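Hi,

Here is the structure I promised to hand over. Have a look first, and my notes follow below.

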Amino acid sequence: MVLGWRRRKGNRKHSKGGKPVMELVVPNHFRCPISLDTMKDPVTLSTGITYDRENVERWFEEGNITCPVTNQVVRNFDMIPNHSLRMMIQDWCVENRQHGVERIPTPRIPISPIEVAELLMQVKNSARGLDQYGCLELVQKMKKWGEESERNKRCIVDNGAPVALASSFDAFANDSVERNVVVLEEILSALNWMFPLQLEAQKSLGSLASLRCMVWFLKHQDLSGKEKSIVALRELLSFGDVQHVEALSQIEGVNELLVEFINKRVSPTITKASLRVVWYMVSSSSNCSEKMKLAFVELGLVSCLLDILIESEKSRYEKALAILDSLFSCEEGRNKGCGNDLTVPLLVKKILRVSPLTTDYSVSALWKLCKFGEKDEGRTLLEALQVGAFQKLLLVLQVGCGDETKEKATELLKLMNPYRAELECIDSDYKNVKRSF
């Protein structure tokens with residue numbers, strides 16, 4: 001057995017009594033051969049080598065079929081818990097706790113696919129009979145399993161839990177949201193760690209009844225319930241199914257809620273997810289996307305997004321600019337943009353700031369305002385020149401950008417060129433840049 005103590009070599013440190021400080025060493029056979037960390041749940045393979053369960057499971061999940069130490073092909077993937085070694089590690093931890101070593105907890109036995117399948121069958125039966133209390137108990141049991149380990153979560157997801165839970169959610173939502181609110185919220189909470197969903201689960205969660213239920217949660221539930229609902233909507237719309245976008249847009253009050261969340265910023269999770277949901281709605285290929293853009297413009301979304309560009313975190317800039325760019329595709333959106341004194345200065349400021357995407361969206365939005373905006377005898381172009389757009393666009397071409405952004409930047413420069421002589425360009429960000437004209 002490897003000794004647990006050794007003297008430091010080289011520059012030895014001494015305690016107050018003059019004795020050399022000893023360094024604690026973990027015995028080699030307590031370490032996992034893969035991670036070299038102390039094992040928490042040692043299991044032995046058919047090759048006779050012991051590993052920490054989490055590490056060896058990850059090894060096989062990555063597609064490896066050999067034993068990491070012996071390099072032998074593993075034909076039997078059963079993992080036998082090494083209780084003797086685990087108890088030795090626990091005893092060693094207890095003996096050395098005065099040195100800051102924490103005792104590893106006794107691991108729980110991982111769930112099996114059969115246990116998951118049996119539980120899901122009971123969940124489906126409860127949902128068919130609209131037994132909300134029976135289903136609630138089963139979903140809570142599933143969540144408890146998932147909290148025990150990441151392996152349990154993977155086992156639950158891989159054996160069909162998302163499909164079963166989504167179909168149960170649809171069943172209870174079709175019955176009555178108010179009557180089944182407790183079990184519906186529990187199901188949605190469980191689904192939140194199962195994204196991305198399979199196609200069959202998407203269909204159930206994207207039904208009109210399910211969408212109405214999630215919007216109801218956004219209106220009436222507490223902060224936690226709102227966060228789970230908006231995250232579920234974000235994940236659902238991220239798959240790009242036009243039918244889900246159209247169904248959501250038909251629900252009364254959803255646009256007002258999304259604008260309110262973006263404007264009030266009640267929590268970072270809700271704000272970011274709301275921006276994503278709005279982006280999926282206005283940028284979809286749905287027949288009603290133009291109608292949705294007009295609705296959001298009329299609700300004052302343009303000014304809300306400009307406020308985000310002033311006050312918010314940089315992580316929200318990209319999506320806010322993406323939505324602005326989309327809203328400026330319609331005349332009403334451009335009119336709102338041109339009517340706000342902050343629009344052009346903020347768009348120019350975000351060029352070559354934060355990320356390449358913010359530059360792309362800023363240039364595109366500015367291009368739409370200057371080319372298709374109100375016929376104001378070049379007022380927007382003059383305003384852009386005043387805040388240094390010409391220099392910024394030249395730099396965009398110099399540092400490199402995508403073909404579409406390059407074309408729009410080039411066209412903007414051509415549009416601004418006739419107005420250059422009228423104004424002295426002011427650029428607070430690039431005062432020392434020499435002009436090429």
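Let me start with helix α22, whose buried residues are Thr405, Lys408, Ala409, Leu412, Leu413 and Met416. Looking down the axis of α22, you'll see these buried residues fall within an arc of 140 degrees, so they line one face of the helix. Bear in mind that this is a predicted model. The other side of α22 has Asp403, Glu404, Glu407 and Lys414, which are exposed. What do the buried residues of α22 pack against? Their partners are α19 (356-372), α20 (379-386) and α21 (389-399). As for its dimensions, α22 runs over residues 403-416, 14 residues in total, and reaches 20 Å from first C-alpha to last, close to the 20 Å expected at 1.5 Å a residue.

Helix α17 (residues 331-338) is worth a look too: its buried residues are Gly333, Arg334, Gly337 and Cys338. Down the axis of α17 they fall within an arc of 130 degrees, so here as well the buried residues line one face of the helix. The cover over the buried residues of α17 includes α14 (289-298), α15 (301-311), α16 (317-327), α18 (343-350), α19 and α20.

Nonpolar side chains tend to be buried together in soluble globular proteins. Here the largest nonpolar core has 112 residues, and the members that touch the most others are Leu248, Phe296, Leu301, Leu366 and Met416. Which helix gives this core its largest share? That is α13 (residues 268-282), with nine residues. If you click on leucine 301, you'll find that it touches Val259, Ile262, Val278, Phe296, Ile323 and Leu327, leaving aside residues up to four places away in sequence. Another core, of 18 residues, lies apart from the largest one and has Phe30, Met39, Val56 and Ile89 among its members.

On to the aromatics. The structure holds five aromatic pairs, and I'll go through two of them here. Phenylalanine 60 and phenylalanine 77 have ring centres 4.9 Å apart and planes at 90 degrees, so this pair is edge-to-face. The pair links distant parts of the chain, 17 residues apart: phenylalanine 60 is in helix α1 (residues 53-61), while phenylalanine 77 is in the loop between α1 and β5 (80-81).

Tryptophan 367 counts as buried at 14% relative accessibility, and phenylalanine 372 counts as partly exposed at 39%.

Two lysines lie over aromatic rings. Lysine 153 is over the face of tryptophan 193, at 5.3 Å from the ring centre. Lysine 350 is over the face of tyrosine 317, at 4.0 Å from the ring centre.

Last, back to α1, which also holds arginine 58. Arginine 58 counts as partly exposed, at 37% relative accessibility.

Cheers

Terms used
Residues numbered from 1 in each chain as written. Predicted model: local features only at pLDDT ≥ 70, side-chain atom pairs only at ≥ 80, totals over all residues. Heavy atoms only, no water. Phe/Tyr/Trp six-rings, centres within 6.5 Å; stacked < 30°, edge-to-face > 60°. Helix = DSSP H or I, 4+ residues; strand = E, 2+ residues; numbered from the N terminus. Buried < 20%, exposed > 50% of the residue type's maximum accessible area, 1.4 Å probe, protein only. Lys NZ or Arg CZ within 6 Å of the ring centre and 35° of its normal. Expected span 1.5 Å × (residues − 1). Arc of directions from axis to C-beta. Contact = heavy atoms within 4.5 Å. Core = buried A, V, L, I, M, F, W, Y, C linked by side-chain atoms within 4.5 Å.
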